[in-house]
Amino acid sequence: KLQFLYFIGRRNMAAVESWRGMQRVWTQTAVERIARGVRRSGGKGQGGTTGERKITMWSGNFENRARRMEGIKRVILVRHAQSLANANNEVYSNTEDWKIGLTKRGRGAAKNVGVKIRKLVGNGPCVVYTSPFKRTVDTCLELVHGMKQAGYKGAINIRQDPNITEQQFGNYQNPRTMSHLFSVRQLYGRFFWQFSEGESGTSVHQRVATFTDTTLPGVAASHRPAQDLTVVVVTHGLALRAFLMSWFWLGVRSFEKMKNPSNCAVVVLQRGPDGGYRMDTAESEGFTGIKELP
């Protein structure tokens, strides 16, 4: 019996040591991924001064995403233009959220974004994904019209995807009640706060992650030989931040520190020479959310 118990004890200890070894490997792998996901430069000999550190955010899961996205040259995120509810929040109380359209000012701004995108894309292939909400669809149509007016000659494929819609706050929204709830949400945390008749930021992130990890790789595969496709995503403020959180593998703390992008904000994610994507700050405007490490 003693020999049997000794044998079993040895086997258990071996299993424990094996488990600890796997934990160390997994931990090391995670650290290596984070190290590869964040490229740092600065200091003497790197174009900076002593004590300075420039941080560039690269897309997480570097090798896997680079391999699966190699058909996409750039991703351009656009928040919808000024809506009627952005100009007057009383609109939320008598109009279905998904039916709220744009103001005249918003339509003009969306067309200008199209002109900007035309300069970036040239006449290269372009696919536009939009949330099915009226304000995003209208932004998309004005954006495409602006591209055409600026001389874009290619065909633009427009697709709607419910995964990139606005966070659901409830069917009809009382402005005073929502103002109070937004204040409470700010204290509680925007990512985890659950609206009683709507969604939490967590739910939005889950469906946006489906878009980034399933829909986009499929589009990339169809353009893999040329590697020149531009994907434009017309979406909403919180959904745009959730996209960046999923794309760059950011943590909740970083999400909470992101400021909501302005109407018609443009975020350009450019593919680098080694396959990863980074935010092109020179071409992006209306959003200053990625400033620090997760």
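A residue counts as buried when its relative accessible area is under 20%, as exposed when that area is over 50%, and as partly exposed in between (1.4 Å probe, protein chains only). The structure here is a predicted model, so local features need pLDDT of at least 70 and side-chain atom pairs count only at pLDDT 80 or more, while totals for chains, interfaces and linings use all residues. Residues are numbered from 1 along each chain as its sequence is written, and side-chain values use heavy atoms, with hydrogens and water left out.

Of the 294 residues, 47% are buried.

Two residues stand out for their backbone. In general, most residues other than glycine have a negative phi. Cys-264 is not a glycine, yet its phi is positive, at about 65°. Cys-264 sits in the loop that runs between helix 9 and strand 7 (266–271), and with a relative accessible area of 9% it is buried. The other case is Trp-249, again not a glycine, with a positive phi of about 55°. Trp-249 belongs to the loop between helix 8 (237–247) and helix 9 (252–257). Its relative accessibility is 44%, so Trp-249 counts as partly exposed.

Now for a pair of helices. Helix 4 (residues 104–121) packs with helix 5 (residues 134–149) at an angle of about 50°, and their axes are 7 Å apart. The axes are lines fitted to C-alpha atoms, for helices over the stretch in contact, and angles run from 0 to 180 degrees between N-to-C directions. Helix 4 and helix 5 are therefore oblique to each other (under 35 degrees is roughly parallel, over 145 roughly antiparallel, 65 to 115 roughly perpendicular, and the rest oblique). Contact means heavy atoms within 4.5 Å. On the helix 4 side, the residues making the contact include Arg-107, Ala-110 and Ile-117, and on the helix 5 side they include Asp-138, Leu-143 and Met-147.

Technical notes. Helices (H or I, at least four residues) and strands (E, at least two) are DSSP runs, numbered from the N terminus.
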